[in-house]
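This briefing is meant to be read with the sequence and the model side by side. Please keep both in view while going through the points below.

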Amino acid sequence: MKDLTKYRNIGIFAHVDAGKTTTTERILKLTGKIHKIGEVHDGAATTDFMEQEQERGITIQSAATSCTWNDHQLNIIDTPGHVDFTIEVYRSLKVLDGGIGVFCGSGGVEPQSETNWRYANDSEVARVIYVNKLDRIGADFYRVVKQVEDVLGANPLVMTLPIGIEDDFVGVVDLLTRKAWVWDDSGDPLNYEIQDVPADMADDVEIWREKLIEIAIEQDDDVMGKYLDGEEPDIETLKQCIRKGTIALDFFPTYCGSSFKNKGVQLVLNAVVDYLPDPTEVKPQPEIDLEGNETGSFAVVDPDKPLRALAFKIMDDRYGALTFIRVYSGTLGKGTTILNTFTGKTERIGRIVEMHADAREELDSAQAGDIVAVIGMKNVQTGHTLCDPNNPATLEPMVFPDPVISMAVSPKDKDGSEKLGIALGKMIREDPSFRVETDEDSGETILKGMGELHLDIKVDILKRTHGIEVAVGKPQVAYRETITKRIEDSYTHKKQSGGSGQFGKIDYAIEPGEPGSGFAFESKVTGGNVPKEFWPAIEKGFRTSTDQGVLAGFPCLDFKVTLMDGAFHAVDSSAVAFEIAARSAYRQSIPKAAPQLIEPIMKVDVFTPDDNVGDVIGDLNRRRGMIKSQEAGTSGVRIKADAPLSEMFGYIGDLRTMTSGRGQFSMEFSHYMPCPKNVAEEVIKEVAERNAKK
């Protein structure tokens, strides 16, 4: 039996370039897992093992690794920061108990940090904050702490203060012990001395320490009472209070350092052990029934309870499919049979491995609290629950966002078609935010994803990993259609062809709904003019028709159908007749309800040097962008805007040209908005031409 109190399942998440992967490397070095530190900019980081990651210097897929610190086992997941791969962060947070939020000392709270922080709040994950890169020009620890309060609405509990800043950054003061940790210039994380607090910082240290104590003791009334009577709590008592408040998400212990210069990481590791929860201290996962309603039971973290595990990631490598699993309760043994509640099928567990990036260690079993990978599972996908066949239950599944961009691909040679199908099948299993469809008319393969970079990487993986050369079409925007006017109408479906016929008459109203409301159906029929058993068929007829809009064939959103009245025939009416009536009614009435094309609007966040602000704003205005806000920072200006996706293709190239390579931006889907008339006409014309060619 393993001691679960010595377990920490944690993730490292942040904005692009805040130093997550570099921090992970330092943790692996300090815990003795690796002996030589690999640098991201050299393409040698342990957890960035994909070729595409090494070349671009970014993390694309979350990587899992395990190590030990102070007699505790840490299961760490290094997640991507780029907005196109947010899905990796979301699904990792879902199975973690705690996290380290890394912020750049000069960039501060950047857009992707906000998104990840929101996900972590939704998943109720306890976190410590680590302000990294304090050796950089423009770094300011106190400004970042203020941003965490203002932008994230979080409560940072400052635990360390920096000694020096930028080039003069040499170490940190631990406020609890009032000791200074000072590193030398050798770059070895183990070459440090614990000294007294520098004289010029003594007053600051006392002010911040008092703040820390006052916030921490709110967790315990007895300690607070003694403190008000003039008795200061000892360090052990303070740590217990901080742990309690961190797990309750009341505040977030905040540290600082420079991972690249190997300064400050030990204290973050100590904080993970001291303040982040073990698997038994987090809320147990609720179990749900087949309809998705909570049953009131929970997957309690206990090796002796029935097995409950969640598959949160599928990865394909040279040995076959790897399924990453978080075991919530029970034990998973080699050779045992488990039930997948989603498919209703059982599978036998072959090999269980503990992952260290792309290396692995064989295990005989895994128990509640473990994060492991299983090799060779056939029908398991992300979000599926694995459980004891004699005691089935389902855990809350994951919900993934819809793609906002698509592009057509076709293999350059004839042999490529079959290989393309197999490769795409593997890629869909690995990444739930990536979808593939076949255009029935043209036979083209359509890839759908979260952004240009997302699809760009997918095409690159096809080429390199699977050896398939593909021709790539122009990216397409996921337009939608809606209506703007309420209308009342009637439709009768009548067919007589010997024997029993078909009959169904419906009187209905169609009206626009709130943005984001989807499709709604209501019946106001009283008296038996349309019997109740036919209502679901009428709803189904309308609902299935929404896939095809009347303007350009895009799905139709946000409207409501109200069934007012109708008529039926005792012999000829059937569910099928009413479903056909509803489909025909949709085609008849939607064109009368002033249909309109709507387009995806992206939340755009641009960082630009001061000199280029005018150019960047002018360019965003030309792209039909609406400027929301501007914030001046030490090294430049952050501009927030809403802009249509169709105008943002190739934006990174233009931004780099305008800012001499110093500008950065990120964007994520926000909402749908009506297209201007000229844009809508252009899109409808393009679609018509494409269909004519087919």
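Is K261 buried, partly exposed or exposed, and what is its relative accessible area? In this predicted model, K261 is partly exposed, with a relative accessible area of 38%. The points below take up the salt bridge that K261 forms with D135, then other charged pairs, and finally a sheet of 4 strands.

**The K261 and D135 pair**

- The side chains of K261 and D135 come together in a salt bridge, with a distance of 3.4 Å from N to O.
- Because K261 sits in the loop between β11 (252–256) and α9, while D135 sits in the loop between β5 (126–132) and α5 (141–152), this pair ties together parts that are 126 residues apart in sequence.

**Other salt bridges**

- The model holds 27 salt bridges by the rule applied here, and one of them joins D97 to R326, whose closest N and O atoms are 3.0 Å apart.
- Since R209 is in helix α6 (residues 202–216) and E232 is in the loop between α7 (221–228) and α8 (235–247), the pair ties together parts that are 23 residues apart in sequence.
- R209 counts as buried at 5% relative accessibility, whereas E232, at 41% relative accessibility, counts as partly exposed.
- Salt bridges with shared partners connect D619, R622, R623 and D654 into one network.

**The sheet and its helix**

- An open sheet is built from 4 strands in the order β7-β8-β9-β10, and their pairing is antiparallel.
- The edge strands are β7 (160–163) and β10 (192–196), each of which pairs on one side only, and from one strand to the next the twist averages 25 degrees.
- Strand β9 (residues 179–183) pairs with β10 in the antiparallel sense over 5 bridges, and K179 has D196 in β10 as its bridge partner.
- Helix α9 (residues 265–275) packs on this sheet, where it touches β7, β8 (171–174), β9 and β10, and its direction makes about 130 degrees with that of β9.

Terms used
Residues numbered from 1 in each chain as written. Predicted model: local features only at pLDDT ≥ 70, side-chain atom pairs only at ≥ 80, totals over all residues. Heavy atoms only, no water. Pairing = 2+ DSSP bridges. Helix = DSSP H or I, 4+ residues; strand = E, 2+ residues; numbered from the N terminus. Axes fitted to C-alpha atoms, helices over the stretch in contact; angles between N-to-C directions. Contact = heavy atoms within 4.5 Å. Buried < 20%, exposed > 50% of the residue type's maximum accessible area, 1.4 Å probe, protein only.
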